[in-house]
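I opened this notebook to keep track of what I looked up, residue by residue and element by element. The entries follow the order in which I asked.

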Amino acid sequence: MLELAICDDDIILCNWLEQKLLHYGKANDCQISIEIYYSAEQLLNRLEEESYDMLFLDICLEHENGIDIRTEIRKKNYGKELRITYISTYQEYAMKLFRIHPFDFLVKPIREEELFRVIGELRELLKERKKIFEYTDTKGIHKISYDKILYFYSLGKRVHIVTSEKEYEYRGKLKDVADVTEEYFLLIHKSYLINMEHVEHYEYDNVVMKDKTRLSISKANRKKVRERLLQTEKKRL
């Protein structure tokens, strides 16, 4: 699923974008979730709880500047990297934005084919990065290949990444990690997300990872864990 956000004080444009994006999703067998915000304050408050694959952000909101909003978003270090496509009436903004590396730039009035091109490129990017986990902390963007990750665990508002060599951490939510890695990782507990390829052995209410760490399986997840681990074992055989 693509999780998208739109922040623009033009209600008509927001409605048009929403309709076109939903149409794209139906035509391309792609689930799309869209949230609309009419001010930076609404967006920033919501980002405490939600994360998105892409934000369509107007450069010139009535009381805010899109570049300043982007700075606030980056300061917060929200869970997964938020890619920003700016929207403006003026083409000349495109060159001014070059130094901050936006995902893309759309000029009003937005053409349908240009909007669909951006979404297509986002899907390709997410597909290419599917086996690479990417996270952001105060030092920048980091990438770790899935095969090096034993498991993730959450503690407070931080996600910890455990590899055979080292442990990393960043501010985020384990649910966001589970959403983007679900084909390769398995949520066994609200606090534990494991790489099934690194399970040493399975027991009824816990798993033992290859680094000998024992992780509890919540009661609600026991059946699902048993079925997924059996599937993984069959593939190995």
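Which residues does Thr 163 touch, not counting residues up to four places away in sequence? The model I am reading is a predicted one, and in it I find Thr 163 in contact with Ile 144, Lys 148, Ile 149, Leu 150 and Tyr 168. I place Thr 163 in strand β9, which covers residues 158–163, and with a relative accessibility of 11% I count this residue as buried. Its side chain also reaches the backbone oxygen of Lys 166, at 2.7 Å.

I then asked which residues of α1 are buried, and noted Leu 13, Cys 14, Leu 17, Leu 21, Tyr 24 and Gly 25. Viewed down the helix axis, these buried residues of α1 fall within an arc of 105 degrees, so I record them as lining one face of the helix. For the background I keep in mind that an α-helix has 3.6 residues a turn, so residues three or four places apart point the same way. On the face of α1 turned away from the buried side I find the exposed residues Ile 12, Gln 19, Lys 26 and Ala 27.

I looked at both ends of the helix as well. Asp 10 caps the N-terminal end of α1, with a side-chain oxygen 3.1 Å from the backbone nitrogen of Ile 12, while α1 is followed by Asp 29, whose phi is positive, near 50 degrees.

My search of the whole structure returned ten aromatic pairs. In one of them, the rings of Tyr 37 and Tyr 52 have centres 6.4 Å apart and planes at 70 degrees, and since edge-to-face requires over 60 degrees, I record the pair as edge-to-face. Tyr 37 lies in strand β2 and Tyr 52 in the loop between α2 (40–46) and β3, so the pair ties together parts that are 15 residues apart in sequence. Tyr 37 is buried at a relative accessible area of 6%, and Tyr 52 is buried at 4%. Tyr 151 and Tyr 153 form a tilted pair, 6.4 Å centre to centre with 40 degrees between the planes, and both of these tyrosines are buried. I also noted one aromatic cluster formed by Phe 133, Tyr 135, Tyr 146, Phe 152, Tyr 170, Tyr 184 and Phe 185.

Val 199 belongs to strand β13, residues 199–202, and at 9% relative accessibility I count Val 199 as buried. Between the C-alpha atoms of Val 199 and Thr 213, which are 14 residues apart along the chain, I read a separation of 9.7 Å.

Definitions and conventions: Residues are numbered from 1 along each chain as its sequence is written. This is a predicted model: local features need pLDDT of at least 70, side-chain atom pairs count only at pLDDT 80 or more; totals for chains, interfaces and linings use all residues. Side-chain values use heavy atoms; hydrogens and water are left out. Buried means under 20% relative accessible area, exposed over 50%, partly exposed in between (1.4 Å probe, protein chains only). Helices (H or I, at least four residues) and strands (E, at least two) are DSSP runs, numbered from the N terminus. The arc is that of the directions from the helix axis to the C-beta atoms. A polar contact is a pair of N or O atoms within 3.5 Å; within protein, one must be able to donate a hydrogen and the other to accept it, and residues adjacent in sequence count only if both atoms are side-chain atoms. Rings of Phe, Tyr and Trp (its six-membered ring) pair if their centres lie within 6.5 Å; planes under 30 degrees apart count as stacked, over 60 as edge-to-face and the rest as tilted. Contact means heavy atoms within 4.5 Å.
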